[in-house]
Amino acid sequence: MKKFSPGLLPTLITVPVVVILLALSVWQVNRYVWKVNLVEQINTQLAAAPVPLPSGDIVPEDWQYRRVSVTGVFDHESELHLFSHADKGRKGFQVITPFRRSAEGDVVLVNRGWVPETRKDASARTAGLLEGEVTINGIARKPWAKGWSFMPQSNPETNVWLYGELQAMGDHIGANVAPVFVEVDATDVPGGFPIGGQTRVTLPNNHFQYAFTWLGLAIAMIVIFVLYGVKRGRLNGDK
């Protein structure tokens with residue numbers, strides 16, 4: 001290796017870049033493992049039997065995607081409309097209805113499912129307005145807000161919501177609501193609307209591919225650096 005002479009500047013550039021690329025590769029591997037464990041946890045919770053949703057200040061992250069049951073009465077006059085696309089791209093709304101629990105006395109926002117635009121108003125689907133005390137099963141979901149400042153905002157004045165802004169929804173209906181939504185399962189309702197079972201779990205896991213990409217770039221940088229150093233060393237040796 002006497003003829004290996006890459007020079008100072010290429011070395012100062014290549015070494016930190018390679019270190020960064022390797023660090024990114026390791027980080028992506030760690031993200032891959034984290035995502036695999038997360039998916040396994042979600043699948044386990046979705047497969048478990050429903051349990052009564054506790055009252056009080058539960059931690060939403062601890063209950064995300066857990067199957068729960070609640071018993072109480074719907075307040076259909078205060079329902080909220082969350083803009084949503086269903087399968088095949090059909091526009092519509094998910095109907096979120098305040099649900100006062102019988103034993104606990106608190107209010108849970110229950111996502112009853114999807115309706116097309118023509119069924120947005122409750123008067124257009126009266127058969128599905130369940131009355132009296134009922135027990136429903138569903139999936140607990142934590143609130144979510146818009147991801148970027150440039151994204152459009154929900155419009156409480158028209159009662160059209162774009163995100164799962166649970167606290168704002170509670171303020172809109174004048175109620176202190178439970179810290180999670182409950183999305184009902186696919187149980188049929190009279191009249192066919194709303195269509196329950198809208199919970200979608202989509203967690204792409206491409207971190208391994210990203211890890212190989214960063215690793216490949218690091219290896220390429222090392223190869224180029226070595227070849228350049230050997231060539232430069234030989235040229236210097238011939239002088």
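Ile219 sits in helix α4, where helices are DSSP runs of H or I with at least four residues, strands are E runs of at least two, and both are numbered from the N terminus. Ile219 is partly exposed, with a relative accessible area of 46%; buried means under 20%, exposed over 50%, and partly exposed in between, using a 1.4 Å probe and protein chains only. This is a predicted model, in which local features need pLDDT of at least 70 and side-chain atom pairs count only at pLDDT 80 or more, while totals for chains, interfaces and linings use all residues. Residues are numbered from 1 along each chain as its sequence is written, and side-chain values use heavy atoms, with hydrogens and water left out.

Now look around Ile219. Together with residues including Leu22, Tyr32 and Phe212, Ile219 forms a nonpolar patch on the surface, with about 900 Å² of accessible area for the whole group. Patch residues have over 30% relative accessible area and no salt bridge, and nonpolar side chains (Val, Leu, Ile, Met, Phe, Trp, Tyr) are joined within 5 Å, like charges within 9 Å. Areas come from the Shrake-Rupley method with a 1.4 Å probe, and for residues only the protein chains shown count as cover. Helices α1 (8-47) and α4 (207-238) each supply at least two patch residues, and α4 gives the most, with six.

Next, the charged pairs. The whole structure holds four salt bridges, each a side-chain nitrogen of Lys or Arg within 4 Å of a carboxyl oxygen of Asp or Glu. Arg125 and Glu79 form one, at 2.5 Å from N to O. Arg125 lies in the loop between β5 (107-116) and β6 (134-141) and Glu79 in the loop between β2 (67-74) and β3 (80-85), so the pair ties together parts 46 residues apart in sequence. Both partners are buried.
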